[in-house]
Amino acid sequence: MTHNGISRYSMEIATALLTAAIGVAICYGAWQVGIGWTPSGPDSGYFPFWIGVLVVAGSLVNLLRTVIGHRHKDETFLDAARLRSLARFTLPIIGFAVISLLLGLYVGTTLYVLF
């Protein structure tokens, strides 16, 4: 985090690590159901496993490009003004979703439109 807010550099690293973790989870889930080859063809996890490997590989490439190339080191991703604007947009939608789950869609929609 820089003095101006969250840097784009740190967000690119965080995103690469998050997508890599998702890829690892895909690989693990596929491995649990079987990733081998049977006499009748591939196990049910064969193709998802390789998709997970591709997700991890792409994430690692993005991570290395960001770290080695020092891309976007000084760019600000999110500062206080952008955060306020984002909050004004997302908080009502989150409130709408929570109220709709608890009290029903009609109540949630009515409150969302009124406020």
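Predicted model: local features only at pLDDT ≥ 70, side-chain atom pairs only at ≥ 80, totals over all residues.
Biologist: Where is S100 found, and in which helix?

Modeller: S100 is part of helix α3.

Biologist: Why does S100 count as buried?

Modeller: Buried means under 20% relative accessible area. S100 has 15% relative accessibility, and therefore counts as buried.

Biologist: Which residues is S100 in contact with, leaving aside its neighbours within four places in sequence?

Modeller: With those neighbours set aside, S100 touches L105, G108 and T109.

Biologist: How do you know whether α3 is roughly parallel or antiparallel to α4?

Modeller: Helix α3 (residues 80-103) packs against helix α4 (residues 105-114) at an angle of about 150°, and the axes are 7 Å apart. An angle over 145 degrees counts as roughly antiparallel, so α3 is roughly antiparallel to α4. The crossing of α3 past α4 is right-handed. On the α3 side the contact is made by P92, I93, F96, I99, S100 and L103, and on the α4 side by L105, V107, G108, T109, L111 and Y112.

Biologist: How do the residues of the contact of α3 with α4 divide?

Modeller: Nine are nonpolar, three are polar and none is charged.

Biologist: What makes α1 and α2 roughly antiparallel to each other?

Modeller: Helix α1 (residues 8-33) and helix α2 (residues 46-69) cross at roughly 160°, and their axes come within 8 Å. The cut-off is again over 145 degrees, and α1 and α2 are therefore roughly antiparallel. In this pair, α1 passes α2 in a left-handed crossing. Residues making the contact include Y9, E12 and I13 of α1 and P48, F49 and G52 of α2.

Biologist: How do the residues of the contact of α1 with α2 divide?

Modeller: They comprise 16 nonpolar, six polar and one charged.

Biologist: Why is G5 called buried?

Modeller: G5 has 9% relative accessibility and so counts as buried, the limit being under 20%. This residue lies in the segment before β1 (6-7).

Biologist: Which residues is G5 in contact with, beyond its neighbours within four places in sequence?

Modeller: Those residues are L78 and D79. The C-alpha atoms of G5 and A81 are separated by 9.6 Å, with the two residues 76 residues apart along the chain.

Methods
Residues numbered from 1 in each chain as written. Heavy atoms only, no water. Axes fitted to C-alpha atoms, helices over the stretch in contact; angles between N-to-C directions. Helix = DSSP H or I, 4+ residues; strand = E, 2+ residues; numbered from the N terminus. Parallel < 35°, antiparallel > 145°, perpendicular 65-115°, else oblique. Left-handed = near helix turned anticlockwise from the far one by under 90°. Contact = heavy atoms within 4.5 Å. Nonpolar A, V, L, I, M, F, W, Y, C, P; charged D, E, K, R; others polar. Buried < 20%, exposed > 50% of the residue type's maximum accessible area, 1.4 Å probe, protein only.
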